[in-house]
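Subject: Handover of a structure and notes on what was found

Dear colleague,

Please find below the structure that I am handing over to you. My notes follow, and I would be grateful if you read them with the model open beside you.

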Amino acid sequence: MKRNELIIFILFLTFPLVKSFATGQIPDRLIYKGDTLSIFANPLEQLYNNDSLRPKFFGDNEGCMSTACWRGYEAEWIIINDQLYLTGIFSCCFYEDSVKADLNKLFGNKFINGKVKADWFSANIIAPKGRQLYYVHMGYGSLYEKELELQFKNGQLIGTKTYDNSKSRQSVYSQDVEKLREFIYSNINWTNLPKLDDKVIKVYVQFSASENGVVDSAKVMRGYDTIFDQEATRVVKAIPEWDVFYRHEKLERRSWILPIIFSNDNRKKYKK
């Protein structure tokens with residue numbers, strides 16, 4: 001099995017930081033202290049928290065849409081003298097087309113010197129920094145080595161904090177699907193199981209690991225019978241190590257679902 005088929009073999013269950021999207025989302029951009037940061041937040045969504053309030057940002061023009069940009073736009077922001085300002089709203093294909101919103105038309109007298117004071121925004125913004133430790137194909141769930149947290153009240157920057165997530169680590173078993181399959185099927189006690197003949201039995205096990213990477217929790221989500229369910233649970237808990245994730249410097253315990261496939265093909269292929 002190829003690594004890009006991992007999503008088929010292992011179903012990752014997690015939650016995004018801001019909003020639930022089926023695909024990793026293109027972030028807004030923020031200029032802060034001369035750096036352009038990608039941010040895991042969309043301050044415009046707080047202003048238009050009800051879709052009936054949302055104007056047509058691009059008038060009669062149709063901006064580019066994609067599954068990586070469900071909100072239909074990318075916004076640009078800047079912090080000047082600790083105040084957050086909106087400086088642009090662009091279509092999702094910002095680098096491919098020139099469709100952008102008319103901020104003067106949208107905000108009227110709040111549009112001053114090319115920007116809009118974001119005094120509606122009260123929340124924290126996370127700006128990922130450093131190496132990407134883990135990509136999550138959903139919302140803003142991807143994990144980075146460091147996170148810069150910017151804290152706002154009515155658009156005013158009231159505090160910052162940097163988090164170090166470098167204690168996160170990935171297991172060779174999550175990164176190499178064939179290695180995981182080899183471990184699972186070579187460690188099943190096939191002689192203790194009923195004969196399969198031509199049957200293929202699938203047992204889905206949900207599991208998670210401790211801060212030491214030890215799989216210490218496993219339960220059957222969809223099983224077959226007591227014998228096969230217990231063997232599937234046992235072999236999953238025997239995985240030598242698993243991923244450890246820290247977000248905001250705190251252990252983020254994540255759940256995974258692994259299908260254990262009992263078949264004569266797997267028994268023969270991975271026979272010790």
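How many bridges join strand S11 to S15, and in which sense do the two strands run? Strand S11 covers residues 201–209, and seven bridges connect it to S15 in an antiparallel arrangement. Please keep in mind throughout that the model is a predicted one.

S15 is mostly covered, with seven of its eight residues buried. The loop between strand S15 (255–262) and H7 contains Ser263. Is Ser263 buried or exposed? Its relative accessible area is 8%, so Ser263 falls under the 20% cut-off and counts as buried. The side chain of Ser263 also reaches the backbone nitrogen of Asn266, at 3.1 Å.

- Strand S4 (residues 74–80) runs antiparallel to S5, and seven bridges join the two. Here Ile80 stands opposite Gln83 in S5. The hairpin of S4 and S5 has two residues between the strands, and in this hairpin Asn81 adopts a positive phi near 50°.
- Strand S7 (residues 115–117) pairs with S5 in the antiparallel sense over two bridges. In S7, Lys117 is the bridge partner of Tyr85.

The disulfide

How many disulfides does the count come to? The count comes to one disulfide. It is formed by Cys69 and Cys92, whose sulfur atoms are 2.1 Å apart. The link of Cys69 and Cys92 is left-handed, with -70° about the S-S bond. Cys69 lies in the loop between helix H2 (44–47) and S4, while Cys92 lies in the loop between S5 and helix H3 (103–107); the pair therefore ties together parts that are 23 residues apart in sequence. Both Cys69 and Cys92 are buried.

Helix H5 is mostly covered, as seven of its 10 residues are buried. These buried residues are Val177, Leu180, Arg181, Phe183, Ile184, Tyr185 and Ser186. At the start of H5, a side-chain oxygen of Asp176 comes to within 3.2 Å of the backbone nitrogen of Glu178.

The second largest pocket holds about 300 Å³ of space. It is lined by 17 residues, and the closest to its centre are Ile188, Asn189, Trp190, Thr191 and Arg267. Which elements give two or more residues to this lining? They are helix H5 (177–186) and helix H7 (264–269). By class, the lining of this pocket has seven nonpolar, five polar and five charged residues.

The cavity

The structure holds one cavity of 30 Å³ or more. About 60 Å³ of space lies in the largest cavity. Among the residues that line the largest cavity are Ser208, Trp242, Asp243, Phe245, Arg253 and Trp256. By class, this lining has six nonpolar, two polar and four charged residues.

Two further residues

Asn42 is found in the loop between strand S3 (35–39) and H2. Asn42 has a relative accessible area of 9%; because this is under 20%, the residue is counted as buried. The side chain of Asn42 makes a polar contact with the side chain of Asp28, at 3.5 Å.

Ala232 belongs to helix H6 (residues 226–237). What is the relative accessibility of Ala232? It is 0%, and Ala232 therefore counts as buried. Ala232 and Lys219 are 13 residues apart along the chain, and their C-alpha atoms are separated by 9.2 Å.

With kind regards

Technical notes. Residues are numbered from 1 along each chain as its sequence is written. This is a predicted model: local features need pLDDT of at least 70, side-chain atom pairs count only at pLDDT 80 or more; totals for chains, interfaces and linings use all residues. Side-chain values use heavy atoms; hydrogens and water are left out. Two strands pair if DSSP finds at least two bridges between them. Helices (H or I, at least four residues) and strands (E, at least two) are DSSP runs, numbered from the N terminus. On a 1 Å grid over the protein atoms alone, a cavity is a set of points where a 1.4 Å probe fits but cannot get out, and a pocket is an open set with protein on both sides within 12 Å along at least five of seven lines; lining residues have an atom within 4 Å of a point. Grid points are joined across faces, edges and corners, and a volume is the space filled by probe spheres set on the points. Ala, Val, Leu, Ile, Met, Phe, Trp, Tyr, Cys and Pro count as nonpolar, Asp, Glu, Lys and Arg as charged, and the others, Gly among them, as polar. A disulfide is a pair of cysteine sulfur atoms within 2.5 Å. Buried means under 20% relative accessible area, exposed over 50%, partly exposed in between (1.4 Å probe, protein chains only). A polar contact is a pair of N or O atoms within 3.5 Å; within protein, one must be able to donate a hydrogen and the other to accept it, and residues adjacent in sequence count only if both atoms are side-chain atoms.
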